[in-house]
Amino acid sequence: MSSGTRPLSEVGAWEMNWVLFWSYIKITSLVIGGGYAIIAAAQEEFVRRRGWLTDDDVLEMITVTQTVPGILACNSAIYIGWRLGGYRGALSALAGSILPSLIIIVCIAAAISSVAGVVEKPWVQGAFRGVIACIVGMVVVTALKMRKKAVKGAVGWLIAAACLVGMSVFGVNPAWLIVGAIALGLLQVTCERLRHLVKKAEGGE
């Protein structure tokens, strides 16, 4: 029975490291479009296909990887690897996410003069347009699947709408939007806990 059909508890450490390494090699070799496309592919691999993670885990991963410095694709690989295989899993997933890009960049650098002409060919440009459209669709589908878990209540929708308007209309730096969203989230949780304590105190009386 393959590791993809077994529960996470039955997969050994070395096998897990190999699965993480090989899975990220396949993902980063075939997926074009940056970090969000890789996150969508990783969700399909580890949530839908293997069942080793949940949508909540992916949502937590997106939150963490968006708020720390670094390349989104590498950050997501480190997070998933750490959740599934600890520090060794994180290194295995990171190595798998870096290796294909490193090989491709070295090959392009070695043949840059001939590659530059090929990229301008109409059939290559057409292929890129098709890939871009596909990636947009993948990201949109992932966002629609996660919306119910990511945005909860009136305050959540207010924060999401404010961030959308702030970025698209006023060009606000995403870092400031993240800081503001964190502050509003903390304020909401604090108010909810205070209301709960007040109700509990009133009930005790």
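Contact here means that heavy atoms lie within 4.5 Å of each other. The structure described is a predicted model.

Two packed helices are described by the angle between their axes and the distance between the axes.

| Helix pair | Angle between axes | Distance between axes | Handedness of crossing |
|---|---|---|---|
| H2 and H6 | roughly 55° | within 9 Å | left-handed |
| H2 and H3 | roughly 150° | within 10 Å | right-handed |

Helix H6 covers residues 122-150, and its axis crosses that of H2 at roughly 55°. That angle makes H2 oblique to H6. From H2, the contact draws on Tyr36, Ala37, Ala40, Ala41, Gln43 and Arg48. From H6, it draws on Ile135, Met138, Val139, Thr142, Lys145 and Met146. The contact of H2 with H6 has eight nonpolar, two polar and two charged residues by class.

The axes of H2 and H3 cross at roughly 150°. H2 is thus roughly antiparallel to H3, since angles over 145 degrees are counted in that way. Here Tyr36, Ile39, Gln43, Val47 and Arg48 of H2 meet Asp55, Val58, Met61, Ile62 and Gln66 of H3. By class, the contact of H2 with H3 has six nonpolar, two polar and two charged residues.

**Two aspartates in helix H3**

Helix H3 runs over residues 55-66 and includes Asp55. Is Asp55 buried or exposed? Asp55 is buried, because its relative accessible area of 18% falls under the 20% limit. Leaving aside neighbours within four places in sequence, Asp55 is in contact with Gln43, Val47, Arg48, Met146 and Lys149. With one of these residues, Gln43, the side chain of Asp55 forms a polar contact of 3.0 Å. Gln43 is also among the H2 residues that take part in the contact with H6.

Asp57 is likewise found in helix H3. Its relative accessible area is 14%, so Asp57 is buried. Which residues does Asp57 contact, leaving aside its neighbours within four places in sequence? They are Tyr79 and Arg83. The side chains of Asp57 and Arg83 are joined by a polar contact of 3.0 Å. Between Asp57 and Gln43, the C-alpha to C-alpha separation is 9.5 Å in space, and the two are 14 residues apart in sequence.

**Thr28 in helix H1**

Thr28 belongs to helix H1, which covers residues 13-30. With a relative accessible area of 10%, Thr28 is buried. Where do polar atoms of the Thr28 side chain lie in relation to backbone oxygens? A polar atom of this side chain lies 2.6 Å from the backbone oxygen of Tyr24. The backbone oxygen of Gly96 lies 3.3 Å from a polar atom of the Thr28 side chain. Not counting residues up to four places away in sequence, Thr28 touches Ile38, Gly96, Ser97 and Pro100.

Technical notes: Residues are numbered from 1 along each chain as its sequence is written. This is a predicted model: local features need pLDDT of at least 70, side-chain atom pairs count only at pLDDT 80 or more; totals for chains, interfaces and linings use all residues. Side-chain values use heavy atoms; hydrogens and water are left out. Helices (H or I, at least four residues) and strands (E, at least two) are DSSP runs, numbered from the N terminus. Buried means under 20% relative accessible area, exposed over 50%, partly exposed in between (1.4 Å probe, protein chains only). A polar contact is a pair of N or O atoms within 3.5 Å; within protein, one must be able to donate a hydrogen and the other to accept it, and residues adjacent in sequence count only if both atoms are side-chain atoms. Axes are lines fitted to C-alpha atoms, for helices over the stretch in contact, and angles run from 0 to 180 degrees between N-to-C directions. Angles under 35 degrees count as roughly parallel, over 145 as roughly antiparallel, 65 to 115 as roughly perpendicular and the rest as oblique. A crossing is left-handed if the near helix is turned anticlockwise from the far one by less than a right angle, and right-handed if clockwise. Ala, Val, Leu, Ile, Met, Phe, Trp, Tyr, Cys and Pro count as nonpolar, Asp, Glu, Lys and Arg as charged, and the others, Gly among them, as polar.
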